Amino acid sequence: MPELPEVETITNRLRVQVLNASIRDCDVRWRKSVATPNADQFIHQIKDQRILSLSRRGKFILFQLTYDVLLIHLRMSGDLLVDPETNSIDKHDQIIFTLDTGQVIKFNDTRKFGRVWLTDDPESVVGKLGPEPFSEAFTPAIFFDALHGKHRQIKPLLLDQSFLAGLGNIYTDESLFDAGISPRTISADINAPTSERLHASIRKVLLKGIENNGASIDWVYKGGGFQNHFRVYQRTGQPCLNCGTPIQKTVIGQRGTHYCPNCQPFPGG
DNA sequence: CACGAGACCTGTTCGC
DNA sequence: TGCGAACAGGTCTCGT
């Protein structure tokens with residue numbers, strides 16, 4: 001599920017709900033959800049730490065606690081839900097944090113791919129991430145240079161979190177469509193004007209996602225509306241909203257990839 | 001360095 | 001209707 005807009009939405013929601021609360025207790029029901037330290041140490045160490053601030057880096061949610069930073073990555077099916085008090089526990093609630101306010105934060109994760117870290121050195125977890133798409137450091141010129149520093153298909157490159165942080169399968173397909181670039185285009189072959197267009201499209205599409213509180217698909221992640229604005233994602237066979245050509249789906253880098261063969265021609269055919 | 005396959009997991013949808 | 005295959009918002013590791 002969660003890409004940058006969904007994680008941003010969840011982080012902002014959490015900030016309103018649990019900022020300044022202290023973690024009184026923690027129940028780990030799927031031990032592998034804890035990446036580091038081991039589950040027992042994690043539970044012991046997080047107790048009585050207070051949530052001083054919340055932020056997002058790429059697809060990670062960061063809780064600045066009294067002594068450590070709690071980092072959470074939701075991967076494919078994770079979500080963070082806040083209950084006003086201890087209620088029903090879902091079978092997919094993998095970690096449950098009880099707060100001194102009586103509230104409960106539930107890390108719900110059907111597929112169990114999500115992970116949490118507790119460390120005083122968050123750089124050890126997020127240090128290899130590429131730039132934030134909305135940071136001032138992510139300029140069109142830097143993006144162009146980065147594209148030419150690689151010789152890879154543009155779609156898998158944009159999904160590479162060490163290249164650029166935050167894009168996932170939905171927003172990559174939507175960005176490439178918006179910029180009119182074939183997902184198979186080799187990064188080093190993208191010229192300056194096209195690179196600048198892609199840079200703008202990435203920000204535009206992510207912003208639209210954030211404005212719609214992310215995308216809700218199937219049973220995973222509730223509350224988003226960006227799925228109503230998809231132009232290629234999950235529109236296989238439907239007419240392109242620009243030219244009417246049926247949207248195609250293929251596999252690139254082992255990921256389902258949606259595109260308009262007319263609006264996103266591969267250079268040279 | 002770039003890329004594909006296989007893992008990690010569960011649930012839903014598709015095809016015969 | 002039933003059942004297995006295919007597929008799903010992500011990322012890591014290994015082999016070529």
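Predicted model: local features only at pLDDT ≥ 70, side-chain atom pairs only at ≥ 80, totals over all residues.

Trainee: Why does Glu132 count as buried?

Mentor: Same test: Glu132 has 14% relative accessibility, so it counts as buried.

Trainee: What makes the contact between Arg56 and Glu132 a salt bridge?

Mentor: The N to O distance between their side chains is 3.0 Å, and the cut-off is within 4 Å, so Arg56 and Glu132 qualify as a salt bridge. Arg56 sits in strand E3 (residues 53-57) and Glu132 in the loop between helices H3 and H4, so the pair ties together parts that are 76 residues apart in sequence.

Trainee: Why is Arg152 called partly exposed?

Mentor: Arg152 comes out at 31%. Buried is under 20% and exposed is over 50%, so Arg152 falls in between and counts as partly exposed. Asp160, at 23%, gets the partly exposed label too. Their side chains meet in a salt bridge at 2.9 Å, N to O. As for shared partners, salt bridges join Glu8, Arg56, Arg57 and Glu132 into one network.

Trainee: And the whole fold: what is in chain A, and how do you know how compact it is?

Mentor: Chain A has seven helices and 11 strands. Its radius of gyration is 20 Å, close to the 18 Å that the globule rule gives for 269 residues, so chain A is as compact as a globular protein of that length.

Conventions: Residues numbered from 1 in each chain as written. Chains lettered and ligands numbered in written order. Heavy atoms only, no water. Helix = DSSP H or I, 4+ residues; strand = E, 2+ residues; numbered from the N terminus. Rg over C-alpha atoms; globule rule 2.2 N^0.38 Å. Buried < 20%, exposed > 50% of the residue type's maximum accessible area, 1.4 Å probe, protein only.
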